[in-house]
Amino acid sequence: FRLKSQQKIFLYQGNLGQGRGIELLIKAFSDRNDDNAVLILMGYGDLEHLAVKMSNISNIIFFHPAVPPAELLQYTAAADVGVALIENVCLSYFYCLPNKLFEYAMAGLPCIVSNGMEMQRVVEQADLGLVIDPNDEDSIISAIEQMVLTDVTLYQKKARYMVNDFSWETQEQKLLTSLNKLCLK
C-alpha cells in the first residue's frame, strides 16, 4: 500500500458484513483530516464492494482480499491496532468473543473493541486496548485518535501476555480441573 513509516495501521480482518461496524469505521476514517492513521479492511462479505469503493477514492482506506488462515498472522502482525466492532444486534453478538481478538493479541496488537460483555471483559482484564460503543461514530473517532497519539508498546507487551493466559496449554489445565471436579461429584 506504500504507507509511510509514521502512519499507524488500523486493521479490521474478517467478515465484511452487516453488524461488524464496517460502515461507521469507514466513515470515521473518511472524515479524518490527516493521514496519521490508515485503515486496512481485509476479508470478504456483503460490504466488500464498499471497502473496495472507498479504497479507490481514499488515500487512507485500503482493501485487501481474505488470505488463507495459515498466512493471516503475518499480515495481522504488520498492523499497529486491531479493530473488532461487533454491533449489539442480538444476544449472540453481545456475548461474542471473536477469534480476531485473539489473532490480534497473538500478533501483539492493541485493540479497539465493542462494549459487548465478553469482549469488554477480556480487553479490560488484560488492559489490551479500548472498549467503545460501536454505534457511536464520535466514540470510534475518539478511539482512533487516542491510539494515534499513544505509544502502543505497553499494549503490545500486554497482548503477548494475554496470549499466554488464553493459550491452549493454560486453558487445557483449567478444563481438566473443571472436568475432574465434575467427575468427583
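Author: What follows covers the sheet, then the helices on it, then the helix pairs. Keep in mind that this is a predicted model.

Reader: Fine. What is the strand order in the open sheet?

Author: The order is E3-E2-E1-E4-E5-E6. That is six strands, with parallel pairing.

Reader: Which are the edge strands?

Author: E3 and E6 (129-132). Each of them pairs on one side only.

Reader: And the twist, what does it average from one strand to the next?

Author: It averages 20°.

Reader: Take E2 and E3. How many bridges join them?

Author: Five. E2 covers residues 37-44 and E3 covers residues 61-65, and the two run parallel. Leu41 has Phe63 in E3 as its bridge partner.

Reader: Other side now. How many bridges between E4 and E5?

Author: Three, in the parallel sense. E4 is residues 81-84 and E5 is residues 111-114. Val83 sits opposite Ile112 in E5.

Reader: Which strands does H3 touch?

Author: H3 packs on the sheet against E1 (8-15), E2 and E3. The direction of H3 makes about 160° with that of E1.

Reader: Where does H5 lie?

Author: H5 lies across E1, E4 and E5. H5 runs at about 145° to E1.

Reader: On to helix pairs. At what angle do H3 and H5 pack?

Author: About 55°, with the axes 9 Å apart. H3 is residues 69-76 and H5 is residues 99-106. The two are therefore oblique to each other. Their crossing is right-handed.

Reader: Which residues make the contact?

Author: From H3, Leu72, Leu73 and Thr76. From H5, Glu103, Tyr104 and Met106. By class, that contact of H3 with H5 has four nonpolar, one polar and one charged residues.

Reader: What about H5 and H8, how far apart are the axes?

Author: 8 Å, at an angle of about 120°. H8 spans residues 153-165. That angle makes H5 oblique to H8.

Reader: Which residues make that contact?

Author: H5 gives Phe102, Ala105 and Met106. H8 gives Ala159, Arg160, Met162 and Val163. By class, the contact of H5 with H8 has six nonpolar, no polar and one charged residues.

Notes:
Residues are numbered from 1 along each chain as its sequence is written. This is a predicted model: local features need pLDDT of at least 70, side-chain atom pairs count only at pLDDT 80 or more; totals for chains, interfaces and linings use all residues. Side-chain values use heavy atoms; hydrogens and water are left out. Two strands pair if DSSP finds at least two bridges between them. Helices (H or I, at least four residues) and strands (E, at least two) are DSSP runs, numbered from the N terminus. Axes are lines fitted to C-alpha atoms, for helices over the stretch in contact, and angles run from 0 to 180 degrees between N-to-C directions. Angles under 35 degrees count as roughly parallel, over 145 as roughly antiparallel, 65 to 115 as roughly perpendicular and the rest as oblique. A crossing is left-handed if the near helix is turned anticlockwise from the far one by less than a right angle, and right-handed if clockwise. Contact means heavy atoms within 4.5 Å. Ala, Val, Leu, Ile, Met, Phe, Trp, Tyr, Cys and Pro count as nonpolar, Asp, Glu, Lys and Arg as charged, and the others, Gly among them, as polar.
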